[in-house]
Amino acid sequence: MTIANCPICQSPEFSYYPAGQNYTLAKCRQCDMVWDNKPPAEPTAIYQANYYQNEGGKGGYSDYLASMKMNSKTFNRRLVAAGKKLGGDIASATLRERPLLLDVGCALGDCLLEAKKLGWEKPRGLEVSEYAVEFARSRDLLVFQGDLFNHSFQPNSFDLITLQDMLEHTTNPLSQLEAAYQLLKPGGWILITTPNVDGILAKLLGSFWYHYKPGEHLTYFSLKTINIALEKTGFVEIESKPTSKSLSVEYILDRLKYYQPQVFSILLKLARKLNLDRLVFEVGTGELEAWGQKPTNR
């Protein structure tokens, strides 16, 4: 499988540049979009149980279950921001007035749990991984197996659709955004978080940037290209900016083992011994956050 044209502007003109050992990406000469032009034939095949708990150091998650506490802080901040865009305090609204949420690529359901705490009405999740769907359902969450092209939802159903750390896993981002647009009610919002290929960390680390993940991350956006993608798919009131996540000391040191395994393994053991491993900080991780609204007259 080869993707010769830019997934955003469809230009056939691109250049190559290295993004790691034996890993080369394509960069569009017209709009600067970056993508893996030789993605795996079945990109979703990797999302099994070991994707959420592994010692790979870079791909997947070292221990997603242990990350749940810090995930809740990140999702809380984003959902509160979404509530403000939709008109105010979600919990204070009547049940009939409460907005509907679809979290696409919801993984084990942490964002949905936080949404329930904040008063969102029956937040729904959409996830390709059978393991993740079963796990999320065991937490009494309303999660459906599928993707934006394989579901039973009706058009104009949701007030908020979130694609958090999801869009970079796809080879067809414009089609994903178009499908999300159709599911949003007029005036509804989309929230995207994804690695920022033009961010400070990407520039500083070069081919050692943590988010270059062969076979897993397939499209790489910048603030410029995410804006272009949202504009091309009909969204208005577009906002994009660098963003951050709530991360524990344990998570940070564990991920840094990719660069210096011995050094950061020692530091991680020391942090655990001193009971510092569960401390959580707001950290810039080289990602961007983008919002777009479906026009009210559509």
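In helix H5, the buried residues are Pro 173, Leu 174, Gln 176, Leu 177, Ala 179, Ala 180, Tyr 181 and Leu 183; buried means under 20% relative accessible area, exposed over 50% and partly exposed in between (1.4 Å probe, protein chains only). Helices (H or I, at least four residues) and strands (E, at least two) are DSSP runs, numbered from the N terminus. This is a predicted model, where local features need pLDDT of at least 70 and side-chain atom pairs count only at pLDDT 80 or more, while totals for chains, interfaces and linings use all residues. Residues are numbered from 1 along each chain as its sequence is written, and side-chain values use heavy atoms, with hydrogens and water left out.

With 8 of its 11 residues buried, H5 (residues 173–183) is largely enclosed by the rest of the structure. Its cover includes strands E4 (101–104), E7 (158–164), E8 (184–195) and E9 (219–220), plus helix H7 (223–232).

Cys 106 is buried at 3%, and Cys 111 is buried at 2% relative accessibility.

Ring pairs of Phe, Tyr and Trp (its six-membered ring) need centres within 6.5 Å; planes under 30 degrees apart are stacked, over 60 edge-to-face, the rest tilted. The whole structure has 10 aromatic pairs. Tyr 47 and Tyr 51 sit edge-to-face, because their centres are 4.8 Å apart and their planes at 90°.

Definitions and conventions:
Contact means heavy atoms within 4.5 Å.
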